[in-house]
Amino acid sequence: MKIKADSRSGIKAYVIALPVLLAVSLAITTADFLAKGNLANLSSQIAPLAIASLGQLLVALAGGIDLSVGSTVSLTTCLLVASNGSTWGIALALGIALLIGITNGIAVGYAGMHPIIATLSSMTFVQGMALYWLPSAGGATPQFLPTLVNSEVVGIPATVLIILGFFLVVWWLLGRTRFGLQLFAVGANSRNASLNGVSDVRVIVATYALCSCLAAVAGIVLAGRVGSGDPVIGSQFALNSVTAVALGGVQFSGGVGSALGALSGVITLGLMRNGMNLIGVDAFLQSAATGLLLLAAISFQRRNTIGF
């Protein structure tokens, strides 16, 4: 089946081909790639990014961007450590993330601030709070988290099931609910959506709230993986989540994208980083490569507003 270039999903041939080609190339050129330990480690590495990128997808579909994702991830790990093994830290982290997202949505939707300015401001504030709460990495997360995140179910890493679960939820939200239809309508043309009775402001606030909550969930999974808190551990998540969704064919002008595309972009980015780790590429060069990928992906995006 041929997918049109202007399809609402944004999925083009390269979106599917890139992760497949990367996986085949790594399997041929790197002896350790197909080892069970490496594949389990790969799924563990990409799980937090996959969850955060699904949140970034929702914001991008509304024509926005959320730069506070990374600092929300970092703050979440700090709150989990501060809970001294209690589950109240999880509830607090999700509650604060919801507040961050609603604040971002109000700034963008009601106050009319540019998404970059609004979320850059909240990013700086939240990062400061993370450093205030936990000045340096350390502490211990609730004991059940590492056990859960690093476990297996019938031989399948739990992180694979976590990724699949959140993917299915977002896929259902976008494709099977009224909110998903309204989100695509607002992203494609907010004025037309408003004229047809869709509250673009409410949709925008909801997308930012969901994005922040998913960032908090990503932080919970990440904290379970490393077993401690770190006030700067999420610093790369904003860039990486934006890069992942861009590689997945998501248009940041709004109205075009899919959960499958976002997940494909995450896998592409994860395979690239895993391959560079296996061959010993410097971490700074890996960040540079991610920046180049983002530049390339954005360069091929359209610049005009679309409509149905």
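Helices here are DSSP runs of H or I with at least four residues, numbered from the N terminus. With that settled, I looked up Leu260, and it lies in helix α12 (residues 259-279).

Ground rules for my notes: this is a predicted model, where local features need pLDDT of at least 70, side-chain atom pairs count only at pLDDT 80 or more, and totals for chains, interfaces and linings use all residues. Residues are numbered from 1 along each chain as its sequence is written, and side-chain values use heavy atoms, with hydrogens and water left out.

Back to Leu260: I have it as partly exposed because its relative accessibility is 42% (buried is under 20% relative accessible area, exposed over 50%, partly exposed in between; 1.4 Å probe, protein chains only).

Next I checked Ser44, in helix α2 (residues 36-61). Ser44 is buried, at 9% relative accessible area. Its side chain makes a polar contact with the side chain of Arg225 at 3.0 Å (a pair of N or O atoms within 3.5 Å; within protein, one must be able to donate a hydrogen and the other to accept it, and residues adjacent in sequence count only if both atoms are side-chain atoms). Skipping neighbours within four places in sequence, I find Ser44 in contact (heavy atoms within 4.5 Å) with Thr159 and Arg225.

Then I went to helix α10 (residues 200-226), which has 27 residues. Its first and last C-alpha are 39 Å apart, close to the 39 Å expected at 1.5 Å a residue (expected span: 1.5 Å times one less than the number of residues). I noted α10 as mostly covered, with 20 of its 27 residues buried.

Notes
Helices (H or I, at least four residues) and strands (E, at least two) are DSSP runs, numbered from the N terminus.
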